[in-house]
Amino acid sequence: MFNAMEKHNKVGFLCHYVFGNGSAQYVFLDVDNDGAASLNPSPGFSIAASAHVCASCNGMVLFSCNINGDNLLSFHVFDITVRQSVALPPLPHLTPRIIAPGLAFDGRHYQVVLVFSSSSHGEEEATTSTGTAGGHGGAGIIEMEIFSSETGKWRHHRTTIPLPPYLPKLSAAPLYSNGSIYWELGGYLLVYNIQSAHSELLQLPNHSLTWSWRSMTFGQCLWESKEGRIHYCYTDYQGIHTWALMNQQDHDYYSAYYTYDHQKFRWSLAHTVPHHILLSQTSRIFLRLDFSDWKPYYVSPYAYSEESQTLFLRLPGIFAAYNLRTRTLKEVCNYSFPGTNFYCCTFFPVVYNGRQGNAEVVGNIAGFGGETEAVVVRLPIADSLLCQRSKAKGS
């Protein structure tokens, strides 16, 4: 997941904490190669009305907000390094409900891509240059509104891909990798290439045509390995599973031993962590949480650090790092939540330039190989710890 453009870049998480009165706090956690994490208050800020974090890409964060209460969203791109926000111009025309926003930044210019659907009376099966994208029973065709910072304008883009019929609440942040944006979309992976404007819909490994308790997905995330391979991780009734999107080299290897449909079978299993293994190896944390009855949806994967083999997870009131090699769970931070609303705090993987000044570290967690006891970051933090100059001014 963590793939910095330069060696000076910091990687970590943007923590979005929403208060009961609708205000919000945005705090940054830096993550080292060994899995250690520290609180970086420098780019953090607080605002009176919460803005939704849509996507992040190479030091840029895309926010959406509805200030006037008229159901019209406005979009803002925030530069983490210089702590400046740019408001995008309004969309040229009203669009149906936006299904998935995305952000791509190459170091010079960025593009914001908003995915939505339009009604379609065409044939059930639509053909793309890479095969067929039909047979999903979608109620419309996927379309996009795309903003370019180079032109300063929005443009409309229509694909030939039908929308999948079932769109659950998205919990996976979009990923920009290899020149394309990737979204989880109703059991499929939607891929949009920035340069060629080519779109493709790939079936995810946990896709199911029939609903059952055991087929439900409770949390999911996407990340890119150092080799540029796309990984998809999710939680279900059995545990936490990670799959890698196969490339042509993988297909060549497996084809020597098996006969299979390359278009249908696109994923290889990377690793699985069963729930009973997670519980048995980390009993101290789970005993403190005092769960009388463990539920699969209590744990959601958010990111993976390839260097330290660390899977970052959110639990009720806790953000934690699970080391796949040692099977140990360490708290990165914890947060208070009213009642059962442990979704008041969400986490988004970010990469940003760390050369301009060093942030004051006010809390940290030791690496998995160290002897130091972890000092856990507690959210929300006092606003006095956030740089005054970094506080949002009307977003």
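These legends describe close-up views of a predicted model. Local features need pLDDT of at least 70, side-chain atom pairs count only at pLDDT 80 or more, and totals for chains, interfaces and linings use all residues. Residues are numbered from 1 along each chain as its sequence is written, and side-chain values use heavy atoms, without hydrogens or water.

**View 1. The largest nonpolar core holds 22 residues.** Such a core is a set of buried Ala, Val, Leu, Ile, Met, Phe, Trp, Tyr and Cys residues joined through side-chain atoms within 4.5 Å. Buried means under 20% relative accessible area, exposed over 50%, partly exposed in between (1.4 Å probe, protein chains only). Phe-312, Phe-319, Phe-347 and Leu-379 touch the most other members. Strands supplying at least two residues each include β1 (9-18), β3 (37-47) and β26 (345-353). Strands (E, at least two residues) and helices (H or I, at least four) are DSSP runs, numbered from the N terminus.

**View 2. Surroundings of Leu-379.** Beyond neighbours within four places in sequence, Leu-379 has contacts (heavy atoms within 4.5 Å) that include Cys-15, Tyr-17, Val-27, Cys-333 and Phe-347.

**View 3. β2 and β3 run antiparallel.** Seven bridges join β2 to β3; DSSP pairing takes at least two. Ala-24 stands opposite Ile-47 in β3. In β3, 11 of 11 residues are buried.

**View 4. Tyr-257 lies in the loop between α1 (248-255) and β21 (267-274).** Tyr-257 is exposed, with a relative accessible area of 59%.
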